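The points are grouped by topic and may be read alongside the sequence and the structure.

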Amino acid sequence: MEYSKLIQKIENGKQVGIEEFKERDGRTFVHKHVIKKVNNSYAICIQEMFLDNEDYDNPEINEHFEVYETLPEVLEIFRQKYNILPENLNTSRGNKFFNEINLVRYIGETKSLMLTHNKIYNVIFTEKNWFRIIDDSGEDYLYPPELFEQI
């Protein structure tokens, strides 16, 4: 994809990424790397799904999420850490790796520099049924959903 179009798609909130089929230790798997702008941050989802699992309804999936402040930082990580060039990324269709922006209200006790009672937070995405939220410290952390009410 042309670099300027890639940047525009990401800045407009589209998820872009790459899907590769690989073999390791005699197993075949799909390896996906996806970027999406979420709440003025840039989130990466890295997913491995093993294809040789006999339980096709419940495939073995490993997911990992990372959040960064700038798009150039994300693209450099893709180049250096994952050996993925931006021109090889395309619009990701089908799978949604990130939640649409969900608003939740914190219903627990105020915790200094973490969460404030009755404050509304954006859920960046859900990971293993926990909410990844940028809290009052400005950092993103996972929190259990029972601490929030959905709005």
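E127 is buried, because its relative accessible area is 16% and a residue counts as buried under 20%. The model is a predicted one, and every value below is computed from it.

**Surroundings of E127**

- E127 belongs to strand β7, which covers residues 120-127.
- Leaving aside residues up to four places away in sequence, E127 is in contact with F65, R132 and L142.
- F65 stands 62 residues from E127 along the chain, yet the C-alpha atoms of the two are separated by 8.0 Å.
- R132, one of the residues that E127 touches, forms a salt bridge with D140.

- Strand β1 (16-24) pairs with β2 (residues 27-38) in the antiparallel sense, over nine bridges.
- Within this pairing, E23 has T28 of β2 as its bridge partner, and K22 has F29 of β2.
- Two residues lie between the strands in the hairpin of β1 and β2, where D25 takes a positive phi near 55 degrees.
- Strand β2 also runs antiparallel to β3, to which it is joined by 10 bridges; here K37 stands opposite Y42 of β3.
- Strand β2 is largely enclosed by the rest of the structure, because nine of its 12 residues are buried.
- Strand β1 has a further antiparallel partner in β5 (residues 90-91), with two bridges between them; the bridge partner of G17 in β5 is N90.

**Nonpolar cores**

- The largest nonpolar core has 16 residues, and those that touch the most other members are I10, I35, I44, L71, V74, F78 and L89.
- At least two residues of this core come from each of α1 (3-11), β1 (16-24), β3 (41-50) and α2 (71-80).
- Helix α2 gives the largest share of this core, with five residues.
- Another core, of nine residues, lies apart from this one and includes L115, V123, F131 and F148.
- L71, listed among the residues of the largest core that touch the most other members, is in contact with I7, I10, E11, I35 and Y42 when residues up to four places away in sequence are not counted.
- Y42, one of the contacts of L71, is also the residue of β3 that stands opposite K37.

**Salt bridges**

- Side chains of opposite charge can pair when their charged atoms come close.
- With a limit of 4 Å between a side-chain nitrogen of Lys or Arg and a carboxyl oxygen of Asp or Glu, the count of salt bridges is seven.
- One of them joins E19 and K32, whose closest N and O atoms are 3.4 Å apart.
- This pair links distant parts of the chain, with E19 in strand β1 and K32 in strand β2, 13 residues apart.
- Are the two partners buried or exposed? E19 counts as partly exposed because its relative accessibility is 46%, while K32 counts as buried because the value is 9%.
- A further salt bridge is formed by the side chains of K22 and E20, at 3.7 Å from N to O.
- K22 is partly exposed, with a relative accessible area of 35%, and E20 is likewise partly exposed, with a relative accessible area of 27%.
- K22 therefore takes part in a salt bridge as a partly exposed residue, and its bridge partner in β2 is F29.
- In the salt bridge of R132 with D140, the closest N and O atoms are 2.8 Å apart, and both residues are buried.

**Nonpolar surface patch**

- L103, I120 and I151 make a nonpolar surface patch of about 260 Å².
- L103 is part of strand β6, which spans residues 102-106.
- L103 counts as partly exposed because its relative accessibility is 36%, and a residue qualifies for such a patch with over 30% relative accessible area.

How values were computed. Residues are numbered from 1 along each chain as its sequence is written. This is a predicted model: local features need pLDDT of at least 70, side-chain atom pairs count only at pLDDT 80 or more; totals for chains, interfaces and linings use all residues. Side-chain values use heavy atoms; hydrogens and water are left out. Patches are made of residues with over 30% relative accessible area and no salt bridge: like charges are joined within 9 Å, nonpolar side chains (Val, Leu, Ile, Met, Phe, Trp, Tyr) within 5 Å. Accessible areas come from the Shrake-Rupley method with a 1.4 Å probe; for residues, only the protein chains shown count as cover. Helices (H or I, at least four residues) and strands (E, at least two) are DSSP runs, numbered from the N terminus. Buried means under 20% relative accessible area, exposed over 50%, partly exposed in between (1.4 Å probe, protein chains only). A nonpolar core is a set of buried Ala, Val, Leu, Ile, Met, Phe, Trp, Tyr and Cys residues joined through side-chain atoms within 4.5 Å. Contact means heavy atoms within 4.5 Å. Two strands pair if DSSP finds at least two bridges between them.
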